[in-house]
Amino acid sequence: MSLWAEHLGNLEEAFGEPQHLECMKRVRKISRHNWKAYVSEEGKEMRGHLLQYPIQVSRSGKVSALPGHETFPDVGGKVLGSPTTLPDVLTT
């Protein structure tokens, strides 16, 4: 429970059963809120510091960046990364 409090900024009853769908939905909702606050130009307050990773996965399994967020706003790196010549064993 201390990890929930640290990462999400508070404790909720749903966090007591992390394997349940209700808990996963709450965590996703808070992390989405935090991502929107993070990229907001108004400087909105985040709850904790867990953010949604800015990707979306289609029903067919295709992974893409969230629209308008192909790069991270603070460092400019590509959300989906870049091709590299390094062997897979070094990067996975």
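Modeller: The largest pocket of this predicted model holds about 200 Å³ of space. Its lining is made up of Arg28, Ser31, Arg32, Gln52, Tyr53, Ile55, Gln56 and Val57. Two elements, α2 and β1, each give two or more residues to that lining. Sorted by class, the lining has three nonpolar residues, three polar ones and two charged ones.

Helix α2 also takes part in the salt bridges. The search of the whole structure finds two of them. In one, the side chains of Glu12 and Arg26 meet, at 2.7 Å from N to O. Glu12 lies in the loop between α1 (2-8) and α2 (21-39), whereas Arg26 is in helix α2, so this pair ties together parts that are 14 residues apart in sequence. In the other, Glu12 bridges to Arg47, with 3.1 Å between the closest N and O atoms. This pair links distant parts of the chain, as Arg47 sits in the loop between α2 and β1 (55-57), 35 residues from Glu12. The relative accessible area of Arg47 is 29%, so Arg47 counts as partly exposed; the cut-offs for that class are 20% and 50%.

The aromatic side chains come next. The count of aromatic pairs comes to three. One of them is Trp4 with Phe15, a stacked pair with 5.0 Å from centre to centre and 25° between the planes. Trp4 belongs to helix α1 and Phe15 to the loop between α1 and α2, so the pair ties together parts that are 11 residues apart in sequence. Trp4 is partly exposed, at 22% relative accessibility, while Phe15 is buried, at 1%.

Another pair is formed by Trp35 and Tyr38: the ring centres are 5.7 Å apart and the planes stand at 45°, so the pair is tilted. A stacked pair would need planes under 30 degrees apart, and an edge-to-face pair planes over 60. Both residues lie in helix α2, three residues apart, which is about one turn of the helix. Trp35 is buried at 5% relative accessibility, and Tyr38 is partly exposed with a relative accessible area of 33%.

Notes
Residues are numbered from 1 along each chain as its sequence is written. This is a predicted model: local features need pLDDT of at least 70, side-chain atom pairs count only at pLDDT 80 or more; totals for chains, interfaces and linings use all residues. Side-chain values use heavy atoms; hydrogens and water are left out. A salt bridge is a side-chain nitrogen of Lys or Arg within 4 Å of a carboxyl oxygen of Asp or Glu. Helices (H or I, at least four residues) and strands (E, at least two) are DSSP runs, numbered from the N terminus. Buried means under 20% relative accessible area, exposed over 50%, partly exposed in between (1.4 Å probe, protein chains only). On a 1 Å grid over the protein atoms alone, a cavity is a set of points where a 1.4 Å probe fits but cannot get out, and a pocket is an open set with protein on both sides within 12 Å along at least five of seven lines; lining residues have an atom within 4 Å of a point. Grid points are joined across faces, edges and corners, and a volume is the space filled by probe spheres set on the points. Ala, Val, Leu, Ile, Met, Phe, Trp, Tyr, Cys and Pro count as nonpolar, Asp, Glu, Lys and Arg as charged, and the others, Gly among them, as polar. Rings of Phe, Tyr and Trp (its six-membered ring) pair if their centres lie within 6.5 Å; planes under 30 degrees apart count as stacked, over 60 as edge-to-face and the rest as tilted.
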